[in-house]
Amino acid sequence: MGHKIFLSYKYADNNVQNILGTGYWGLCTARAYADEIEDALSSTDDIYKGESDGEDLSQLTDAIIWEKLKNRIYDSTITLVLMSKGMKESWKAEKNQWIPQEISYSLKEMPRKNKNGDNVVSRTNALLAVILPDQSGDYSYFTVNKTCCSTGCRTLDRYCSYIFDIMKGNLFNQKQPISKTCDTGSTIYYGQHSYMLCVKWEDFKTNMSSYIETAYEIQANKDDYNIQKVI
């Protein structure tokens with residue numbers, strides 16, 4: 001049986017690498033990456049629950065849009081977040097931005113009535129963040145090389161100003177992480193230390209199903225994490 005995948009992203013963010021080809025510089029947005037994912041899922045048993053290109057919701061009120069989104073999120077089982085450098089509007093409260101609202105709703109156990117009038121409760125979604133390259137093809141706004149030990153290492157910047165607090169709260173949130181202190185005194189984490197699995201676009205696009213399954217494996221052990229569900 002296929003998975004029900006909800007995709008959360010900033011539609012018009014153009015601070016992403018151009019994957020549309022020459023002649024489209026500056027016109028490529030996060031939507032182009034969403035299209036690639038939707039196309040890839042169309043040949044699988046997975047069900048795409050996100051917004052499709054050409055589906056114009058702009059004429060609707062925020063309240064109506066949110067009801068439509070909640071209907072899609074409610075029975076989804078995994079939330080894919082396209083992490084892009086311009087997805088966050090720093091001047092606007094996070095509770096008034098779509099991405100954190102969508103993540104929060106997908107992580108909560110929400111009660112509803114089914115068609116028969118019976119009470120049903122949604123499950124906490126698996127959570128997978130796909131890190132998009134910026135316009136120069138760089139990921140270092142979120143993934144950085146650090147000299148945290150003599151051999152060097154690569155880490156995620158949980159304090160990154162480009163991501164939302166609810167995303168930060170689901171990084172390095174394993175209750176009993178496997179870690180060690182390296183020769184410089186820094187802490188190195190091993191295994192699935194975060195409920196929100198993070199993967200670079202260049203890796204994700206070559207093996208989407210594998211990363212999706214890993215996110216589900218983390219979800220199966222969700223009690224091992226302090227999951228942040230509120231904005």
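Modeller: Arg123 is exposed, with a relative accessible area of 59%, where exposed means over 50%, buried under 20% and partly exposed in between, computed with a 1.4 Å probe and the protein chains only. This is a predicted model, in which local features need pLDDT of at least 70 and side-chain atom pairs count only at pLDDT 80 or more, while totals for chains, interfaces and linings use all residues. Residues are numbered from 1 along each chain as its sequence is written, and side-chain values use heavy atoms, with hydrogens and water left out.

Arg123 lies in the loop between strand S5 (119–121) and S6; strands (E, at least two residues) and helices (H or I, at least four) are DSSP runs numbered from the N terminus. Leaving aside neighbours within four places in sequence, Arg123 is in contact (heavy atoms within 4.5 Å) with Ser106, Lys108 and Gln219. The C-alpha atoms of Arg123 and Glu109 are separated by 5.3 Å, although these residues are 14 apart along the chain.

Strand S6 (residues 126–131) pairs with S11 in the parallel sense over five bridges, and two strands count as paired if DSSP finds at least two bridges between them. Within this pairing, Val130 has Val199 in S11 as its bridge partner. In general, strands of a sheet pair through backbone hydrogen bonds, either parallel or antiparallel. Here five strands form an open sheet in the order S2-S1-S3-S6-S11, with parallel pairing. Strand S2 (47–48) and strand S11 (196–200) stand at the edges with a single partner strand each, so one side of each has no neighbour in the sheet.

Helix H6 (residues 208–220) lies across strand S1 (4–8), S3, S6 and S11, running at about 140 degrees to S6; such angles run from 0 to 180 degrees between N-to-C directions, with axes fitted to C-alpha atoms, for helices over the stretch in contact.

Strand S3 (residues 78–83) holds Thr79, which is buried, with a relative accessible area of 0%. Not counting residues up to four places away in sequence, Thr79 touches Phe6, Ser8, Ser106, Asn125, Ala126, Leu127 and Leu128. The side chains of Thr79 and Asn125 are also joined by a polar contact of 3.0 Å, that is, a pair of N or O atoms within 3.5 Å, of which, within protein, one must be able to donate a hydrogen and the other to accept it, with residues adjacent in sequence counting only if both atoms are side-chain atoms.
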